[in-house]
Amino acid sequence: MASSQNPMAYLLENGLRRVESERPELSNDSRYLELKEQLLRDAEGHFREIQATYATILKTQCHCGGQLEPVDHDFGKSGGTIYDSVIAKCKSCGEAQAFQFPKEGFISEARSAMAVRDYLQATYGIDYASAVRSDLEGRAVRH
Ligand SMILES: [Zn+2]
């Protein structure tokens, strides 16, 4: 698995490994292992979509002929629809363009992550979401 190049899958795997070391019985829980496999597969799929979007931006030329460069990420909700896009700016004229990410991978990953979270919560009383969050915060503090 290419999770070393995929920071999100790395974090998920890391969080799950931590939960597993606290609760060794999880390694015998086939339902859990199934949900985890699905989540890591979906995270990988989402990551490939993100990479493809970035590759498209780098191949796209501005109308002035300049090279586009991803500068920002825009994520939010508009009229009940979730959007997730990269803002790219032209290196020559500075004009910005938004590139929408495909939604499939994002939705699948979010759904699988919630399934794992709900299962751990309901079956073991484990708060997986906060374990991942504290990992993220731990990183933010170190940098
Ligand atoms: Zn331009």
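You're looking at a predicted model, where local features need pLDDT of at least 70, side-chain atom pairs count only at pLDDT 80 or more, and totals for chains, interfaces and linings use all residues. Numbering runs from 1 along each chain as its sequence is written, and side-chain values use heavy atoms, with hydrogens and water left out.

Start with the zinc ion. Its donors (N, O and S atoms within 2.8 Å of the metal, or 3.2 Å for Na, K and Ca; water is not among the atoms, so sites may look incomplete) are the SG atoms of Cys 62, Cys 64, Cys 90 and Cys 93, at 2.3 to 2.4 Å. The angles they subtend run from 103 to 116°, so the arrangement is tetrahedral (four donors, all angles between 85 and 135 degrees). Now pick out Cys 62, in the loop between α2 and β1 (68-78), and Cys 93, in the loop between β2 (81-90) and β3 (96-100): the pair ties together parts 31 residues apart in sequence. Helices (H or I, at least four residues) and strands (E, at least two) are DSSP runs, numbered from the N terminus.

Next, select His 46 in helix α2 (residues 30-59). His 46 is buried, at 10% relative accessible area (buried means under 20%, exposed over 50%, partly exposed in between; 1.4 Å probe, protein chains only).

Finally, go to Leu 58, also placed in helix α2.

Definitions and conventions: Four donors count as tetrahedral if all angles lie between 85 and 135 degrees; four count as square planar and six as octahedral if opposite donors are over 155 degrees apart and all others between 65 and 115; anything else is irregular.
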